[in-house]
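Welcome, and let us take a walk through this structure together. Please have the sequence and the 3D view at hand as you read.

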Amino acid sequence: MRRIYISLVFLILCFAQNAFGQYYSFNQHVRYADERYIEGQYLLALEHYYEASQLKGLLKKQSLFNYADAAFKVSDLALAEQLFMLYQENDKAGNGHEVLYNLIVIRQMQERYEEAILDCNIYISEYEELDINLTEKVNSLKESCQWALAEIREAMVDSVQNMKSVNSIFSEQSPFIYGDSLYYNAINQMIVIDKEKQYYSRIYKGGQKPLELIGVPENKLISHPSFSSDGKYFFYSVGDYAEDGTIIYDIYFSLVNQDTTIGVPRKLLAPINSDAYTSAHASAITVDTIIHLYFSSDRPGGKGGFDIWRAEMSLEMEVLNLVNLEDINTSSDEYSPFLNFNTNDLYFSSNGHLGYGGFDIFRIAMDEDSLKSVDNVGPKLNSSYNDLFFSTNVNGSVVYFTSNRPGSMLLDSRFESCCYDIYTAEVTECSIDLLALIYNRTGGEMLNDTKFVVIDPETQDTVYSNESDENLFEVELDCDKEYIIQSIKEGFDLYELSFRPTNFSYGQDNEIIRKIYLNPSIYDLNLTVLSKDTNLPLDSLNFVLTNINTGDQVEINKHPSNNIHFDVLPGTNYKIDVSRNGYKDTTEVFNSGNKSNIINKTIYLEEKEVIKQAKISLAETIPLALFFDNDAPVAGDSTHLSGENYSDTYEAYYDKRGKYVFNYVSKFSGRRQDDARREASQFFDGEVRVGFEKYDIFKKQLLLVLESGQEVNIYLRGYASPLALDEYNQALGRRRVDSVRKEFDDWNGGVLLPYINNGQLLVTERSFGEETSPKEVSDDPSKPYQSIYSPGASRERRVEIDEINFNKN
C-alpha cells in the first residue's frame with residue numbers, strides 16, 4: 001500500500017463539519033469516533049472519544065486502544081501515554097507489545113531516554129520473538145536513546161524561531177528560499193466534496209495568496225516547492241487522497257518564465273512517477289546538460305519504506321539513470337532531500353539513523369568519488385519530535401525547516417495535537433579553510449620556498465604569515481570578512497589581492513582552493529654553447545651579457561663548462577657576446593619576452609680557419625714515424641722508462657748517419673754498393689730527418705689546437721728490430737714510446753705540460769717490440785750490417801704516431 005508518513009498532518013484535517021449536538025449519547029459518540037478512526041480521520045475521532053469520556057462512560061478495549069492511538073497519531077503524546085497505560089491495565093489486552101512499543105516512542109519523543117531504554121529492555125525480554133520487525137525497531141530505538149544520552153555536540157545555531165508570520169493553526173511545510181521570497185506549502189484550503197469539507201495543500205509565495213498553477217485540479221494536494229539550481233525549473237508534488245486516507249504523490253515541474261512566473265504543470269514520466277508508488281520532495285541541480293534530481297519514494301528496489309533516489313535526466317526530462325542512494329537509506333524512512341548547491345551537501349530527514357527522536361535532519365557530503373558518512377546536524381535544529389524539509393538561503397546563513405515540536409501552533413487547544421510549523425534560525429558561525437597553491441605564471445610549475453601573508457584591511461593586523469618549503473598554505477578565515485592576501489618569493493613580483501570568501505555555507509565545513517600565480521621579476525637565461533662543427537659542448541668560454549636598455553653588463557671569463565645561467569629582466573632587450581680561443585666570436589641579440597621565466601638558448605661557435613687547418617694538418621701527418629738508434633734510448637728509472645726525450649735521442653742518432661751508411665755499404669761492391677749507399681742515405685735524409693721535422697711541425701700545430709680548447713688523444717706505437725730477445729724488445733719499445741711522451745712534456749719549455757696534466761692532451765702508449773717486424777729483417781747479431789745498420793732493420797726501430805682524435809678520450 002502506498003503511503004507517506006508526513007501526510008499524517010494532512011489526514012487529521014480531513015473531516016466533515018460536525019455539530020456535536022447531533023450526538024447526545026455516549027454510545028453515539030463512540031460509534032462515530034470508531035468510524036472516523038477507521039477512516040484515518042484521527043482528530044475527528046479524538047474529539048468524539050473525548051466527548052464520550054466526558055459522559056463518564058466506559059470505553060471498550062478496542063475503542064480505548066483507538067482513542068490512545070488517535071491521540072498518538074495527532075502527537076498529543078501526554079494523552080496518548082495516559083490512555084495506553086490505561087489500556088495496559090486491561091487484563092484482556094492482546095496487543096501489549098504494540099502498546100509498549102508506542103510508549104517507547106512517546107517517551108523517546110519526550111526526551112525521557114532513560115525510561116525508554118528500560119522499556120526497550122522489558123520489550124526484548126517479553127516480546128522479542130513475537131514480532132521480528134517490531135523487535136528490530138525497538139533495538140533501533142534503544143540504540144538511538146543511548147546515542148542521544150551520550151552525544152555531546154555543539155549546535156549549528158543559538159536558537160530557532162517559529163515563523164509566526166506564515167504559520168497558522170493548520171500545517172505549513174517545505175520551506176524553500178528562491179530569490180528574496182519564501183515558498184512553502186500550507187494545508188488550509190477547505191473544499192466541499194460530497195457535502196464534506198476537506199482541507200487541501202497549496203503552495204504559497206511569501207505568505208500571500210496561493211500560487212496559481214493553471215491546469216492542476218482544485219481537489220489535488222500541491223506541496224513541496226523547490227527550484228533547480230539554475231532557476232529554470234520549478235518542481236513540486238501533486239497528490240490525491242487514497243481510500244485508506246494516505247496520500248499518493250507524483251512529481252511535477254513547470255518552466256520558469258523570464259518574469260519569474262510559473263509555466264504550465266508537467267508531470268515527470270516513468271520511471272520517476274508511477275501508479276504503483278509515490279514520489280515526492282524533489283531537489284534538482286543542473287550540471288552542464290544534465291539535471292540531477294534527488295527525491296524520496298517508496299518505489300520497489302529500495303531498502304525499505306521511503307528512500308532517497310537520484311535520477312540523471314536530460315534537459316528534455318528524459319531519465320538517463322536512476323540510482324538508490326544506499327549509503328544514505330535505511331530500512332525505515334528517508335524524506336525531503338535538499339541539495340546545497342554551493343557545497344554539494346545533501347540534507348535529508350530520517351527516522352532510521354541514530355537521532356534524538358522521530359525524524360531528525362541529517363547531512364552528507366556528496367563527493368564525486370564516494371559518499372562520506374551521514375552526520376546528524378545536532379541539537380536545536382533537531383528535537384525529539386519530527387524535524388523535516390530542511391533548506392537554507394543561498395549562503396547558508398539562514399536555515400528553514402518544518403517541525404511539530406512543542407511550540408508549534410495547535411489546531412485544537414483541547415489537545416496537544418497538530419500541527420507542523422515552519423521554523424527558522426540564523427547560523428552565526430562561519431569559517432572557511434583557504435587552501436592557497438602557489439605557481440609560476442610563466443612556466444606553470446609549482447613554486448616552493450614562498451611566503452604567504454593574510455592581512456585584515458580594517459585593522460592592518462597580520463592574520464597569518466608563514467614561509468614554507470612547500471607550495472601549499474592552509475588558512476582558516478571568517479566567511480563574512482574581506483582580507484588582503486600576499487605571496488612573496490625572491491625573483492618574483494609581489495602578489496597582492498583583495499579577497500572575500502564566496503560559495504560557502506554557514507554552520508558547516510567550508511573549503512576554497514585558490515591557485516595563485518606569481519609573475520617572475522627575474523628570468524633565468526639558460527645558455528648552452530656547442531661547437532658548430534662537431535655539435536659537442538665547449539668550455540673555457542668568455543661571456544659578456546649587455547642590457548641594451550640600460551647598458552649594464554655582466555662579464556664572465558674562462559667559464560669551465562658549456563652551460564651558464566644569467567638573471568635577466570622580463571621584456572628587455574639583451575646582447576650576449578660569446579668568445580673562446582680557437583673559435584670565431586659570436587654575438588646574439590634577443591628580447592627576454594614575457595611568456596616564460598626560463599629562457600633556453602643554444603649558441604654555436606665556429607672554429608677559426610687556422611684551427612681547422614691545423615687539425616687537418618695533424619690528421620694528414622698521421623702516421624708519423626720517429627726513428628731510433630740501435631738499443632736507444634737508454635733506460636731511465638726502470639727498463640720501460642726512457643732517460644731522455646726524443647729530441648736528445650734524435651740528435652745522437654742522426655750524428656751516426658755516416659757510420660750507419662759506411663757499415664751498411666761496406667759489405668757490398670760495385671753498383672750494388674752505390675745502390676746501398678743511396679738506400680741508406682735516403683733513409684736518413686728522407687725518413688729519419690723528415691720525420692723529425694714533421695714532428696716539430698706536429699707539435700706546433702698540436703699546441704695551436706690545444707690552445708683552442710680541443711681535447712686531443714694521441715696514440716703512440718713503439719717498435720724494435722728483432723735483434724734482441726722478445727722481452728727485451730718489449731721494454732725497449734716502451735722506452736722509445738716514453739721518450740716521445742717525454743718530448744711532449746719537455747718541448748718548448750714544457751708548454752704542452754698543462755694540457756697533459758689537466759687531461760686535455762692524452763698520450764696513449766702502445767708497444768709491439770719485434771712482434772710486427774717483417775721476416776726478412778735479420779736478427780743475426782753476427783751480421784750487424786744486416787741486423788743493425790741496414791735500412792730495413794733501422795726502420796723497425798721507431799715510434800709511430802698512428803692515430804689522433806679530437807674532443808674524444
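This is a predicted model: local features need pLDDT of at least 70, side-chain atom pairs count only at pLDDT 80 or more; totals for chains, interfaces and linings use all residues.

Residues are numbered from 1 along each chain as its sequence is written, and side-chain values use heavy atoms, with hydrogens and water left out.

Let us begin with Lys699, which forms a salt bridge with Glu743, their closest N and O atoms being 2.7 Å apart. Lys699 lies in helix H12 and Glu743 in helix H13 (residues 726–750), so this pair ties together parts that are 44 residues apart in sequence. Helices (H or I, at least four residues) and strands (E, at least two) are DSSP runs, numbered from the N terminus. Lys699 counts as buried because its relative accessibility is 1%, and Glu743 is buried too, at 3%. Here buried means under 20% relative accessible area, exposed over 50%, and partly exposed in between (1.4 Å probe, protein chains only).

Arg657 forms a salt bridge with Asp685, with closest N and O atoms 2.9 Å apart. This pair links helix H11 (residues 657–665), where Arg657 sits, to Asp685 in helix H12, 28 residues apart. Arg657 is partly exposed, at 24% relative accessible area, and Asp685 is partly exposed at 23%. Glu687 forms a salt bridge with Arg795, again with 2.9 Å between the closest N and O atoms. Glu687 in helix H12 and Arg795 in helix H16 (residues 791–796) are 108 residues apart. In the whole structure, a search finds 38 salt bridges.

Now turn to strand S3 (residues 181–193), where you will find Asn185. Asn185 counts as buried because its relative accessibility is 0%. What does its side chain meet? The side chain of Asn185 makes a polar contact with the side chain of Ser174 at 3.2 Å, and also reaches the backbone nitrogen of His224 at 3.1 Å. A polar contact is a pair of N or O atoms within 3.5 Å; within protein, one must be able to donate a hydrogen and the other to accept it, and residues adjacent in sequence count only if both atoms are side-chain atoms.

Our last stop is Gln710, in the loop between helix H12 (670–707) and strand S35 (712–719). Gln710 counts as buried because its relative accessibility is 1%. Gln710 and Asn581 are 129 residues apart in sequence and 9.6 Å apart in space, C-alpha to C-alpha.

How values were computed: A salt bridge is a side-chain nitrogen of Lys or Arg within 4 Å of a carboxyl oxygen of Asp or Glu.
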